[in-house]
Amino acid sequence: MIHTKIKIIIPAVILVAVIVIVLIVVDTHDPCRGIDLSQFQADSLELNESGLLERYKAAESAARLEMVEQHQYDFDRIFFKLLLQGVIERNKNPIVQSPDLPTLRDIAEKFQMVGDSCQIRQLKYCSTLRGKALRTKLLAEALYDTGYNYYNQGNSKIAHRCFLHSFEYCKRINEIKLMADVSVFISKILCDNGELLRAVDWAECALDNATKAGYRYRIFWAYNSQMNALVDLGDYAAVISLGERAQRESDRFGDTYCTKYTLERLALSYCRNGEIPKAMEKYNRTLELIGYGGIYEMDVLKINCLIGLITVHTKLGFYSKADTCFQIAIDLFERIGSQHPGKNPPSKAILYQNIAELYRQLERYDSALINNRQALRLFTEKPNPLKEAMVLQSFGDIFRDKGNKDSTLYYYTKVNRYMKRWSSNSVDERPKRLEVEVNLSMGEVFAGAQNYSKAKHHYLTSLNICRQYNFVSEHVQSLLCLGNIERANGFMRQSGKYLEQALILAKELEEPILMANIYYSLSLNEQDKNPEAQLDLLKLAVQTCENTRRQSDDQFKILYFASVQEFYEAIIGRLYSNREFEKAYEYVQLSRARSLLEMAQNEIKNHPLNFREIQTALPPDIQIIEYKVTNDSLFIFVLDSDSFYHKVTNLNRIVLRKKISEYCKAIGALELKAFQNKCNKDPEVVIREYTQLGKQLYLDLIQPVVDYIHADVLYILADDDLNYVPFTTLVTPDSQYMVQKYTLVRAVCASHLVQLLQRPPLRAFKKDLTLFAAGNPAGDLTDAEKEIIKVGKMFPVSHVLLQSDVSEQKVRDGFKGTYDVFHFATHAVKYAANPEYSFLHLGRQPVKQNAKPGFLTRESSISATDDILTAKEIAGLDLTGKELITLSACQTAGGGLYPGEGFVGLTSAFLCAGAPSVVASLWAVDDEKTFLLISGFYHNWIDGKMSKVQALRTAQLDMIEEPTQNIKLHYPHPYFWAAFEVWGEYR
C-alpha cells in the first residue's frame, strides 16, 4: 500500500516541478521583465538627419516648408524621435518642457500644410499624457523597441510576444499610431511563419489604425504587409492593386526602403500573373534603387530580384541574360558569406531551384538535377513542405522532358501526397495550386502514352480543385485538356462542351494564347464533319496568334511564333485539301521568317506579301522551290513569274528529320570525329552510304517536282530541319550532284527575297567594288591568313586587317565606311541556346571552336571593346548599300533553328542589318579546302564577272573535278566543297 502511494506521489511531484520550471522559464522570457524606463531613450539622430534638422532650424519659414515637402521621410523620422525624447524627459521631470517643442510644433504645421495631419495629432495626443497613461505609453514604446531588436536578430518568437504586449498597452491608452507600427511587425512575423490569413488580418488592423491616425508612412507599409501574405496566398491581382498604391505613396513620401520591397513584391506578382514585361520593369527598377548594396538586407533583396529576373528571362528564352543574373547572384552569395559569417540568405535554396529550371530549359538535365538536389537539401534543413514539394515537382519536370515516364510519375505522385497531407489542415491555397499543376502534368504524361482514362482522371482532379478555389486560368487549361482527351476517346459532343466552356472563360480572362489553343482544338472536332467550320476556327486561331505576336517584343515573338506553328500548318493543310492552293501558299508565307522580315533594315514592307505580289515581282530567270514540313505531310511549292506548281507527299516531320540527321552524319556535317574515323577506316562505305542517302533525299525533295524545274537559278526556301540540308550535294538518279545540274541559292522567305531582288546590285552602276577584310586575329589560322591576303589582292581598293591589327572597333569603323564587300576569316561560335549571342571572334585571345558564353562565365557585353561581335550587335548595324558579307568560318549559316523562323544567328543578323547577300557555312569546315574554295569564288566573281551564286558554283565544280580531296577517299566528297552557300540576293 505504501509502495503504491509512493508510485503515485513521485510522478505527481515530478509533474509539479516541471510545471514550476516551465513557469520560471516562461517568466524569465516575459518581455516586460527587466525594462527600466529610466534608462529607456529614443534612438540618437543619424548624422544626415541631424544635419537636416540644423539646416531646418536656420531656414526661413517658406524654405522650411519646401524642405519638409522634399524630405518627408527624413522629417517624419526626425519628428517622432524628437517627440519621443520629449515624452521621456517629461516622464523623468513632469514640469520640464522639451527644448525642441517649438521645432516639433513647426514641423507638425509644415506636415499639415503638405497634407499629413499625423504629426499634429500625435503632438496633441502626447501633450495630454500624464501619470500612469504616460508610463503606459513609454512601456508600449520600450516593448516595441525591444521587439524590433529581437526581430532584427532573427528571434521572431520573443519579438512576437513583445509586439503583442506593446499592442495591449497601446489599446489601454488608445495610442493608435503605435498600434499601427506594432501591427505591421506582427503581420510580418505571422507571414514568415506561414499563418497567412492571420497575417492579412493584422495588416488590415495596421491599415485601419494608420488611416485613423492619418499616418501616411505606416499606411503604405501596411499595404506592403498585406502584399507579403497575399503573394503566398496566390492572390496576385490583389497584390498588384495594393502594390501600385503602395509604390505611388512611398515614392511621394520619399521612403525608398519601402519602395524597394514593394517593387520586388509587385514584380513577382506580375511574373506569376503572366505580365512578363511589367515584371521585368519592376525588377530592374528595384535593382536601380538598391545600387551596389553592401547592407545584408539589401543584398538579400537584390538576390531575390536576380532570382526573379532568372525566371523572367527564362520565360522569354533570354537564357544568356538569365545566365548573367545567375553569376551576379552567386557573387553576392560569396560576398554575404565573407561579410556576414553564419548568415545564409533564405533565398539561396530558391536560387538553386531557379538555376535548375534554367538548366532544364536548356536541356542540360544533369546540371538541373544537381542544382535541384542542392535546393532540396537546403529546404529540408528547415522543413518546409511546400518548398520541398516544389522541388520534387521540378524533378518530375526534368524527367518528363528527358522522356523517363516512370521517374516522372514517381516524383509527381510524391508531390500530390505531400500536398494532400499538408493542405488538409491548411487554409493556404498554394498547395492546391501545386496539386493543379502536377495533375495537369501527369495528365500530359498519360495522354502522351495514350492512356486516356488515367489522363482524364488527373484532368478532372485538376478541374475540381480549380472550381473549388476559383483558379480561373488553370480552370481553362483543365477544360482544354479534357476537351482534347474526350476527342481522343471519340466523344466529340463532350469534347465540344468542355472546349466551349473553356473559350467563354478564356475570353473573360482575355488570354489570347489560351483562346488560340481552344479555337485550334475546336477546329479538330470539325475536321471530318464540317470542313468549312474547321477552316473558320483555324482562321480565328491564326488571327489570335497574329494579334498576340504584334504586341510582343522581338525575342518573345520568335519563341511564341515557334510555339504556334501547328495552327499555321493545320490551316495550310485544310486550304490545300480545299484546292485553295494560292491561299495555302500565302499562309506558308505568313508562317515563316516574320521577325527577319520585320527587323530587316531596308525600305520594304515589313509584312508577308500575297501570292500575286510575289509572283509578279520575280525575275524571269529564277524559280522558287519552297517547302513546308508538317506532322503529317511535306508540301512542295514551285513558283516563277509565269507558273505555279505544287505537290504534297506523306513524308512526315519525324521520318524526314531522321533521314536528314542520317544524311548530315554521312557527309560530315554532324558528328565530325565519327565521320573522320569512318573515312580512315573504310572510305568506300562512306561514299556508298552518303550516295545512297543523298539519292533518297533527292527522290523525296526534288523528284516530285522535277518536271516543273526549268529556270537558270533555283532558290531553295527550306523549312524545319531541311535548313540543315546542303541541297547542292543531293544525288540525282544518274549519280550527279545537284550542283552539277542546277544553280542553287538559299533564301529565308519569299517576301524578303522578292524585296531584295528589287534592289539592283552595286555592279550595275559601280565599276569597281571595294573590300574590307579581317582575319586570323589570334594567329592560329594560317590558311585563313593566306586566304585574306589573296582575296585582298583581287580588289583594286582593299583594307586588310591581320592578327593583332584586328579589333572589333576597327571592324565597326569599317562598316561605317564606304566599303562594299566585307570578308571575315576567323573563328565563329554558334550559340544555339540563345543565338543572339553567337559571335565572330575578332580578338587576340584564342577561342575554342565549341566555346559558348557558358553558365559560369561573364557574358560578352554589347560594346565595341570586347572583340566579340555578336549577332545581336550585328543586327543593330546599318548595312544598307553594301553588297556582300562573306563569313569564312565554321557554322556561320547556322545558329538556333526556330520553327517558322528558320536559322537565327550570324547570317540572319547580317540580313536583318540590310546586307543583301551573305556567303556562309553550314558546318565546321576544313581550313585548306576553304582557302581553295573561297579564293576560287572571288576569282570567278571579281575577275570572271560571274554572279555571286554562279561564282560559288563554279568554284565548287572545280573542286569536284579535282579527285584528290582526301588521300584515303580519292573522291570529291561534299564535306570539303559543299559547306558554303549564298544566302539572299544572288547576282
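Two strands pair if DSSP finds at least two bridges between them, and strands here are DSSP runs (E, at least two residues), while helices are runs of H or I with at least four residues, numbered from the N terminus. What you have open is a predicted model, in which local features need pLDDT of at least 70, side-chain atom pairs count only at pLDDT 80 or more, and totals for chains, interfaces and linings use all residues. Residues are numbered from 1 along each chain as its sequence is written, and side-chain values use heavy atoms, with hydrogens and water left out.

**Stop one: the strands.** Select 634-639, which is strand β2. A hairpin of four residues leads from β2 to β3, and these two strands pair in the antiparallel sense over six bridges. Look for I624, whose bridge partner in β2 is L639, and for F635, whose partner in β3 is V648.

Which residues point each way from β2? L634, I636 and V638 face one way, F635, F637 and L639 the other.

**Stop two: a helix.** Next, select 118-127, helix α6. Seven of its ten residues are buried, so α6 too is largely enclosed by the rest of the structure. Among the buried ones are C118, I120 and L123. To see some of what covers them, show α4 (72-92), α5 (101-113) and α7 (131-152), which are included in that cover.

Methods
Buried means under 20% relative accessible area, exposed over 50%, partly exposed in between (1.4 Å probe, protein chains only). Contact means heavy atoms within 4.5 Å.
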